[in-house]
Amino acid sequence: MPDVRLASPQGKWILLTTVLGSSMAMLDSTVVNVALPRIGRDLDADLADLQWTVNAYMVTLAGLILLGGALGDRFGRRKVFVVGVLWFATASLLCGIAPNAGVLIAARALQGIGGALLTPGSLALIQASFHPDDRGRAVGLWSGFGGIGAAVGPFLGGWLVDGPGWRWVFLINVPLAVLCAPIAVRHVPESDSGERAPGHFDVLGAVLGALALALVTYALIEAAGEGSLVIAVTGVAGLVAAVAFVLVEKHRPHPMMPLDIFASRQFTVINVVTLCVYAAFGGFFFLAALQLQVAVGWSALAAGTALLPTTVLMLLLSARSGELAARIGPRIPLTVGPLLCAAGMLLMTRVGPGASYLTDVLPALLVLGLGMVTLVAPLTATVLAAVETARAGLASGVNNAAARAAGLVAVAALPLLVGMGPEAYREPDAFDAAFGRAMVLCAIVLVVGSVIAFATVRRPAPGCRRPECHTHGSVAVPPLEPETVGGPDGGVSRETRPSEPRRPGT
């Protein structure tokens, strides 16, 4: 049994390296959006290239994150975590020196693979290393410090873009990795071979899932230009790959995503709500960073700083929101939260040329942030309560992947749906008009999610598993949660093993 105590020097080193590793991926999800206009100008990229700059990373990360956790279980969590950190840093270096948009997009896809290895690995290391009495506090500190990283991301991205340049948005990951990897090798114990899961890897499922996302994303992005037979065929191929993924997961003995987890009606419903909510969030944060620079005319630093209120509110109030939802049940928060977010996005339609931060931008972001605070913690709690305790880690991983997939599809589809052409971000008036239409569409999707939650979400049974990550600052995805074995009261924490379903109590 792992026995590292949090107060010991080794415990502090473990916490430091896991926070550094997860912060690399967390920062990347927030800083890149702020850099997009400058990337477009320097690399002569069109809007589709900017969409791919975001989505190439999300395709590989969303498609492989469940497999990444399984690799750590089999080959050693520290080993896979270190590989993920070094892989992520190498891909970040390639992003930073990319001579054109094509190289940047390819490097971003490689970056997503590294993210899929280190993101679940950082949490798994905490679960595999700390004494059971300290694991809950260690997870709480890990999520709290990660939330701080998410909060400073937009500000840091804007400062880098306006200062040393957009390339440092990616290059900053290299010194972080140089610090993180040696600490992990020196101070983090490797998981014992007796604790590791058997070597069952659903590589085919992971490839089909990522391929489906990539093909559908390609069809949606490229359709914003001139439609063609190739785009139609690509879209159909993406749907075929998605069907093949479902069939493979249904018949494999050890699937990456066991479909029987969706036998829980509550779990299925809450993931539909997740798709609605995070599709709107993904589209909003992609377009808002562009709107504030392209249409309003602010600098990257001003735009990044302007977006801080949402993450700060999440960081400060997410724990209290979770406590409130535990008392009154998730139905009201999951109904009211999306409605508040929808109101915030409708308020953003007032943000255009000549907009004032205090009277136009800040009120919208405060309402949006309060909506996010209201819904994110109850959403995670409901996901965990919808399945048996032994599968909480798997449920959290599936929900996290669903949110990422929803965000990348939204980034691909929104410009097409609101009429943004390839040169839209170079035309302030046209972009402003399309942004307003996009905010209305995002608000409608959020209202749909609210209606679904009101009609279907029910209070979990007493004693269900509750989230360990009480503090959360990411606006892009819900938090990953560790797996707990043995019941909600006094159970033994265990690392997430999404590749292998487990029976309750095993």
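Good morning. By contact I mean heavy atoms within 4.5 Å of each other. The model before us is a predicted one, and I shall go through it by region.

In that sense of contact, Y218 touches W52 and T234, leaving aside residues up to four places away in sequence. Y218 belongs to helix α8, which covers residues 203-222. With a relative accessible area of 31%, Y218 is partly exposed, because that class lies between the 20% and 50% cut-offs. A further pairing concerns N55: its C-alpha atom and that of Y218 are 9.6 Å apart, although 163 residues separate the two along the chain.

I turn now to helix α3. The helix runs over residues 77-96, 20 residues in total, and spans 28 Å from its first C-alpha to its last. That is close to the 28 Å expected at 1.5 Å a residue. Which residues of α3 are buried? They are R77, V80, F81, V82, G84, V85, F88, A89, A91, S92, C95 and G96.

Helix α3 contributes the most to the patch, with four residues. L110, for its part, is located in helix α4. Is L110 buried, partly exposed or exposed? L110 counts as partly exposed, because its relative accessibility is 34%.

Next, the loop between α1 and α2, where D44 is found. Phi of D44 is near 50°, a positive value in a residue other than glycine. For context, most residues other than glycine have a negative phi. D44 is classed as exposed because its relative accessible area is 63%, and exposed means over 50%.

Finally, I come to S318, in helix α12, residues 308-328. Here the relative accessible area is 5%, which means that S318 is buried, the limit being under 20%. What does the side chain of S318 reach? The side chain of S318 reaches the backbone oxygen of M314, at 2.9 Å.

Thank you for your attention.

Conventions. Residues are numbered from 1 along each chain as its sequence is written. This is a predicted model: local features need pLDDT of at least 70, side-chain atom pairs count only at pLDDT 80 or more; totals for chains, interfaces and linings use all residues. Side-chain values use heavy atoms; hydrogens and water are left out. Helices (H or I, at least four residues) and strands (E, at least two) are DSSP runs, numbered from the N terminus. The expected span of a helix is 1.5 Å times one less than its number of residues. Buried means under 20% relative accessible area, exposed over 50%, partly exposed in between (1.4 Å probe, protein chains only). A polar contact is a pair of N or O atoms within 3.5 Å; within protein, one must be able to donate a hydrogen and the other to accept it, and residues adjacent in sequence count only if both atoms are side-chain atoms.
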